[in-house]
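Please look over the structure shown below.

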Amino acid sequence: GEKVLDTNDPIYFFGLDNDGFITGAADKNLLGGKGANLSEMSNAGLPIPVGFTITTDVCNEYQAAADKNDFMDDLYKDVVVAYEKLYDHLGYHPLLSVRSGARVSMPGMMDTVLNVGLTPETEETWTARLGERTMLDCKRRLLQMAGDVVYGIPMEKFSTKLDYVKSCKYGQKKLPESDSDMSVTHLKKLNEFYDKLYDPLTRSRVQHKDYQLLDAIEAVFKSWNTPRAIEYRKLNNIPDDWGTAVNVQVMVFGNMNDNSCSGVLFTRNPSTGTPELTGEYLPNAQGEDVVAGIRTPIDLNEMKGSDPKMYAQIVEIAMKMEEHYNDMQDMEFTVEDGKLWFLQTRSGKRTPMAAVRIAVDMYKEGKLTLDALKCTVTYDQYKAASQPILDPTQEIPPADFKGTPAGGGVVKGVAATTSDIA
């Protein structure tokens, strides 16, 4: 049965059958949408990496704390205990992802750090587990993401070093065309450059697994009040006092080899609403690569030909989640050396036209009642879906630039090339 949440607990586990384990429908206000959904996915028997959620209450307490260093020192004790529970369950100290998770989805607004727990002391162990190249690739990602998100080192500095290393052959026959083509030598050189971007204090923090984790958690708390997150909340009428939960989850490695990948999917087309699975994935990559735009992803439907069994497994689980939540789902997945893992599911963002199409289709499919249909589509969505669109039969002249449309409708104006200009 369901366990009643004790809102005084700062941490709840998902996928672990011990104190703090949440079963069934969890409280999104306390655990955030991602944490609550991870609990439900675990309860539904989906293949998810285990982990724990730090509650939205803790985030709000952090924002209100007069001395934030003292606050984090107190939280440190709970975090270390939670980390050790993962060790007890797995038999080793895992690498971790640290992600935000507000009670409503705020895509791209807050920060993420991957491969937390990789230190000079654990490199040999992870080389044995993952192979030298994958370990080095995880290390460069950790140094880059922690440096940018946690320790305030501008991303441009990492990008400059990455571009330089990719311009060198280091004994290879040809230059690497992408990050995944970099050799062990390339990655060793890159990590040496990255390490020098840290000052002595931040280097000592990033080389200690517990401080890595604590600092990444604090970075997520801080990201709740970044300018982009504040502006997003204003535009979407999200209260400032909701706070964000923090989800700490055992890493799975889509960058292990060519039999690995990371991807995202929607159970229906988020642009048009048509009832078709859509998505994209990157071979030999970690999840942030898919959304960061550093490589061109592959259409998920191409997996039908390259790996039909894996594609069928993905479709089966994705549709199971849509059926469970009675809504179009946005899901993240990783394949680690041929084994499928799902990292999250949430109600998918959609264009107004897609919102109308999905609601009507689900009503026709018997998944929504008429009353639920009326509640599913807002007046603003209906109004926006009724706006004029370009005639799809009209021949359109060549464009100066092309991109993926964010929604339907016709617009004109000045092109903004940065978020600040927009």
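A residue is called buried when its relative accessible area is under 20%, exposed when over 50% and partly exposed in between, with a 1.4 Å probe and protein chains only. By that rule Asn237 is exposed, since its relative accessible area is 67%.

This is a predicted model, in which local features need pLDDT of at least 70 and side-chain atom pairs count only at pLDDT 80 or more, while totals for chains, interfaces and linings use all residues. Residues are numbered from 1 along each chain as its sequence is written, and side-chain values use heavy atoms, with hydrogens and water left out.

- Most residues other than glycine have a negative phi.
- Asn237 has a phi near 55°, a positive value in a residue other than glycine.
- Asn237 lies in the loop between helix 10 (227–236) and strand 5 (244–250). Helices (H or I, at least four residues) and strands (E, at least two) are DSSP runs, numbered from the N terminus.
- Asn115 also has a positive phi, near 65°.
- Asn115 sits in strand 4 (residues 112–116) and counts as buried, because its relative accessibility is 0%.

**Helix 9 and its partners**

- Two packed helices are described by the angle between their axes and the distance between the axes. Axes are lines fitted to C-alpha atoms, for helices over the stretch in contact, and angles run from 0 to 180 degrees between N-to-C directions.
- Helix 5 (residues 132–150) and helix 9 (residues 209–223) have axes that come within 10 Å and cross at roughly 45°. Helix 5 is therefore oblique to helix 9. Angles under 35 degrees count as roughly parallel, over 145 as roughly antiparallel, 65 to 115 as roughly perpendicular and the rest as oblique.
- The crossing of helix 5 with helix 9 is left-handed. A crossing has this hand if the near helix is turned anticlockwise from the far one by less than a right angle, and is right-handed if clockwise.
- Leu142, Val149 and Val150 of helix 5 meet Gln212, Asp215, Ala216 and Ala219 of helix 9. Contact means heavy atoms within 4.5 Å.
- By type, the residues of this contact between helix 5 and helix 9 are five nonpolar, one polar and one charged. Ala, Val, Leu, Ile, Met, Phe, Trp, Tyr, Cys and Pro count as nonpolar, Asp, Glu, Lys and Arg as charged, and the others, Gly among them, as polar.
- Helix 2 (residues 56–64) packs on helix 9 at about 75°, with the axes 10 Å apart. Helix 2 is therefore roughly perpendicular to helix 9.
- Val58, Cys59, Tyr62 and Gln63 of helix 2 make this contact with Glu218, Phe221 and Lys222 of helix 9. The contact of helix 2 with helix 9 has four nonpolar, one polar and two charged residues.

**Helix 5 and helix 7**

- The axes of helix 5 and helix 7 (residues 184–196) come within 9 Å and cross at roughly 25°. Helix 5 is therefore roughly parallel to helix 7.
- Helix 5 passes helix 7 in a left-handed crossing.
- Residues in this contact include Glu132, Arg133 and Leu136 of helix 5, and Val184, Leu187 and Lys188 of helix 7. The contact of helix 5 with helix 7 divides into six nonpolar, two polar and seven charged residues.

**Nonpolar cores**

- A nonpolar core is a set of buried Ala, Val, Leu, Ile, Met, Phe, Trp, Tyr and Cys residues joined through side-chain atoms within 4.5 Å.
- The largest nonpolar core has 66 residues, and Ile54, Val98, Leu213, Ile217 and Phe221 touch the most other members. Helix 5 gives the most to this core, with nine residues.
- Leu213 touches Val79, Tyr83, Leu96, Val98, Val116 and Val248, not counting residues up to four places away in sequence.
- A second, separate core has 22 residues, among them Phe14, Met331, Val335 and Phe342.

- Val246 is in strand 5 and counts as buried, at 0% relative accessibility.
- Apart from neighbours within four places in sequence, Val246 has contacts that include Phe52, Ile54, Val98, Ile217 and Phe221.
- Lys34 is in helix 1 (residues 28–43) and counts as buried, at 17% relative accessibility.
- Lys34 and Arg99 are 65 residues apart along the chain, and their C-alpha atoms are separated by 9.2 Å. Beyond its neighbours within four places in sequence, Lys34 is in contact with Arg99, Ser100, Gly101, Ala102, Asn247 and Gln344.
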